[in-house]
Amino acid sequence: MTDAEVMACFESLGSNCEFGIAQRMAGIEPFGLFRFAATPVALLIRLLQAKFKGLGDDIEMWDRDGEWMTTDQTYDWSMHTWMCVKEISYD
């Protein structure tokens with residue numbers, strides 16, 4: 001198996017975005033809800049127990065060092081967007 005094939009066999013559930021970046025470095029861009037998110041284990045357990053109810057209902061976007069980040073206010077869950085503030089307006 002190639003590195004990309006091995007990396008594609010896994011889904012990030014981690015507390016940060018490092019595995020998603022490793023997948024990118026291996027040349028793959030799989031879709032994954034937690035791929036570029038800060039997901040502490042306690043939060044992951046809450047999300048699973050709630051069956052993701054309310055996730056996405058109250059999203060806030062904010063500027064973090066020139067990148068738009070999102071935070072789900074219901075679960076206090078943050079995620080990279082990889083969108084540059086200088087290139088894309090808040091609206």
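Hi everyone, let me start with Asp72, which touches Gly54, Leu55, Gly56, Asp57, Asp58, Ile59 and Trp77, leaving out residues up to four places away in sequence. Touching, or contact, here means heavy atoms within 4.5 Å.

A quick word on the model: it is predicted, so local features need pLDDT of at least 70 and side-chain atom pairs count only at pLDDT 80 or more, while totals for chains, interfaces and linings use all residues. Residues are numbered from 1 along each chain as its sequence is written, and side-chain values use heavy atoms, with hydrogens and water left out.

Back to Asp72, which sits in strand β3, residues 67-72. Strands are DSSP runs of E, at least two residues, and helices are runs of H or I, at least four, numbered from the N terminus. Asp72 is buried yet has no salt bridge, and the nearest side chain of opposite charge, Arg46, is 7.5 Å away. Buried means under 20% relative accessible area, exposed means over 50%, and partly exposed is in between, with a 1.4 Å probe and protein chains only. For a salt bridge, a side-chain nitrogen of Lys or Arg must lie within 4 Å of a carboxyl oxygen of Asp or Glu; Lys and Arg count as positive, Asp and Glu as negative, and His and the chain ends are not counted.

So what does the Asp72 side chain reach? The backbone nitrogen of Thr74, at 3.0 Å, and the backbone nitrogen of Tyr75, also at 3.0 Å.

Next, helix α3, residues 41-49, where the buried residues are Leu43, Leu44 and Leu47. These cover an arc of only 100° around the axis, so they lie on the same side of α3; the arc is taken from the directions from the helix axis to the C-beta atoms. They pack against β1 (37-38) and β4 (77-84). On the other side of α3, Val41, Ala42 and Gln49 are exposed. After the helix comes Lys51, with a positive phi near 55°.

Now for the cysteines. Cys17 counts as buried, at 14% relative accessibility, whereas Cys84 is partly exposed at 27%.

Last stop: Phe10, in the loop between α1 (3-7) and α2 (18-25). Setting aside neighbours within four places in sequence, Phe10 contacts Phe19 and Gln23. Phe10 and Gln23 are 13 residues apart in sequence, and their C-alpha atoms are 9.3 Å apart in space.

Note on methods
Polar contact = N/O pair within 3.5 Å; in protein donor to acceptor, adjacent residues only side chain to side chain.
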